[in-house]
Amino acid sequence: MVTVAKQTRAKVKSLAGTIGQVQSPAYYDEVDGDLFLAGFGGNASVAPPQRMPPSPPVTSLPPDLRTQPLPPVARTEPPVLRVEPFPPPAPPPIDVQSLLDESKKLMSRSDFVGARETLTRAIKMNARSALAHSFRGYTYLLEADEIRARAGNSKSLLESAIKTYAAAFPDLDKAIELDSTYPPVRRHRGTVIMGIYQSRKAQGQNAVLASLAARAAVDFRKAVELDPTSKSSLNALGEAYVASGEYREAIKQFDQATALDSTFAAPYQGRCEAYRALGQLDKAYAEGKKSEARDNRPEARRCVESLVVARGR
């Protein structure tokens, strides 16, 4: 069968080429049923195809079936795919430490009321947390410093600063009662007293200054005793000695502070004021320039500026 088809295609292609045509008939590899070829030019008779018998006529449906409704087709709804979102992560547990951390952020934004509210929650959770009491007292110190910084000679603002400083004592005293070995709370308490000292000095109430400076020095000495490597406590003690008129003792504290950190500007400023009070203006000027080189804020330059006038520079 296949051979006959190939030969037929070759002859058709050859005959087409004689008249300038290109023709290549297709053929099938497989043909169902029997195929009889008479050959080229033959007269073999082929039996005619048989007709299929006709289909029987369609009879009409009975009357009862003509009016009967078709049964309902059951509809199947496609399934609904619901995507449930993951539940939100559970908030971290609230404890005293997390509230302390939150209060630090609020204090850095000068939100002292918010910080105190947060610390009050911490104290309710643990009434014996020395840190929570210390931090809450510290918020009053920071707030009072801001009030005093903008007070100038305003008596009302200075009084407001003094009252805010005083509000720190209950929490700071409670922190010391709960943990007497925590150095920063003693330094904060001394700093509160020095804040009141500066406010009273601005008001011209010089009679109370010596006692305030002495009280502050007690707290600063205790802070240094608890942590001799704290440059901040050493500097604070030196400033209390300057306020008390103990200038040589103040210089010793400033020397220890700069030995711990030579980039710390405050002790140079303190030495400038101590040497100026001792009448050693050249040394005072040199220390003031060191302070100015490390901190160019106006308060860091005040000692040098006063010496420029005093020495005619």
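This is a predicted model: local features need pLDDT of at least 70, side-chain atom pairs count only at pLDDT 80 or more; totals for chains, interfaces and linings use all residues.
Residues are numbered from 1 along each chain as its sequence is written. Local features need pLDDT of at least 70, side-chain atom pairs count only at pLDDT 80 or more, and totals for chains, interfaces and linings use all residues, while side-chain values use heavy atoms, without hydrogens or water.

**View 1. Helix H9 and its buried residues.** H9 covers residues 209-226. Helices are DSSP runs (H or I, at least four residues), numbered from the N terminus. H9 has 18 residues and reaches 26 Å from its first C-alpha to its last. That is close to the 26 Å expected at 1.5 Å a residue (1.5 Å times one less than the number of residues). Its buried residues include Leu212, Ala216, Asp219 and Phe220. Buried means under 20% relative accessible area, with a 1.4 Å probe and protein chains only. The buried residues of H9 pack against helix H8 (183-203) and helix H10 (231-244).

**View 2. Ile193 in helix H8.** Ile193 has 1% relative accessibility, so it counts as buried. Leaving aside neighbours within four places in sequence, Ile193 is in contact (heavy atoms within 4.5 Å) with Phe169, Leu212, Arg215, Ala216 and Asp219. Arg215 is 22 residues from Ile193 along the chain, yet their C-alpha atoms are separated by 7.2 Å.

**View 3. Helix H5 against H8.** The contact includes Tyr138 and Leu141 of H5 and His188 and Val192 of H8. Its residues divide into four nonpolar, six polar and one charged. Ala, Val, Leu, Ile, Met, Phe, Trp, Tyr, Cys and Pro count as nonpolar, Asp, Glu, Lys and Arg as charged, and the others, Gly among them, as polar.

Methods: Helices (H or I, at least four residues) and strands (E, at least two) are DSSP runs, numbered from the N terminus. Buried means under 20% relative accessible area, exposed over 50%, partly exposed in between (1.4 Å probe, protein chains only).
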